[in-house]
Number of protein chains: 2
Amino acid sequence: MSNNNKNRTSVDIYGQSYSIVGSESTSHIRLVASMVDDKMREISSANPALDTSKLAVLTAVNAVHDYLKLKEEMEELEKELKKLRD
Amino acid sequence: MSNNNKNRTSVDIYGQSYSIVGSESTSHIRLVASMVDDKMREISSANPALDTSKLAVLTAVNAVHDYLKLKEEMEELEKELKKLRD
């Protein structure tokens, strides 16, 4: 968070409008929203019977999985960096 | 993904049961599910009027935001590592 100014950004995700408040830039919030929208549409086309709520939960599962994988990679990089610095 | 064996893991997220199939370990899938469940409860207690579907979408927004922030940090680390190796 680079400053304490709060932006309110209106985004559309899977046909529903959301007003997101935060100190992030509008472009960052729009990017996040479009990634969530894309992922929901991808999961929905593979599982057409899912209702929106389950679809959104599985999208969150997917995003948290990606986050944890990236975190593992980051920990590896940090180890390498530490070795090179010592 | 370390192998091609598919595991089916049943998890409970926000009172709803999900069967998640993938090559990840059961413990990884349970960890992801519990992080999503925690985040949904956290967002819900701050916004009690949200329905489950919007709650799940905002949880996904949150997770994708965290992912992008971590990715930025990782790119910085990679730059540092490259400098140290060159």
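1. What covers the buried residues of H2(B)? In this predicted model, the covering elements include strand S1 (7-13), S2, H1 and H2 of chain A, together with H1 of chain B. The buried residues concerned are Leu55(B), Ala56(B), Val57(B), Leu58(B), Thr59(B), Ala60(B), Val61(B), Asn62(B), Ala63(B), Val64(B), His65(B) and Tyr67(B).

2. The length of H2(B) may be considered next. This helix has 34 residues, and the distance from its first C-alpha to its last is 49 Å, close to the 50 Å expected at 1.5 Å a residue.

3. Helix H1 of chain B, residues 26-46, shows agreement of the same kind of check: its 21 residues should span 30 Å at 1.5 Å a residue, and its end C-alpha atoms are 30 Å apart.

4. Within H1(B), the buried residues are Ile29(B), Val32(B), Ala33(B), Val36(B), Asp37(B), Lys39(B) and Met40(B). Seen down the helix axis, they fall within an arc of 165° and therefore line one face of H1(B). An α-helix has 3.6 residues a turn, so residues three or four places apart point the same way. On the other side of H1(B), Ser27(B), Glu42(B), Ser45(B) and Ala46(B) are exposed.

5. The buried residues of H1(B) pack against elements of both chains: helix H2 (52-85) of chain A, and strand S1 (7-13), strand S2 (16-22) and helix H2 (52-85) of chain B.

6. Between the chains, 32 residues of chain A are in contact with 32 residues of chain B. On the chain A side, strand S2 (16-22), helix H1 (26-46) and H2 each give two or more residues. H2(A) supplies the largest share, 23 residues. By class, this side has 21 nonpolar, five polar and six charged residues.

Notes. Residues numbered from 1 in each chain as written. Chains lettered and ligands numbered in written order. Predicted model: local features only at pLDDT ≥ 70, side-chain atom pairs only at ≥ 80, totals over all residues. Helix = DSSP H or I, 4+ residues; strand = E, 2+ residues; numbered from the N terminus. Expected span 1.5 Å × (residues − 1). Buried ≥ 20, exposed ≤ 12 C-beta atoms within 10 Å, placed from the backbone. Arc of directions from axis to C-beta. Contact = placed C-beta atoms within 7 Å. Nonpolar A, V, L, I, M, F, W, Y, C, P; charged D, E, K, R; others polar.
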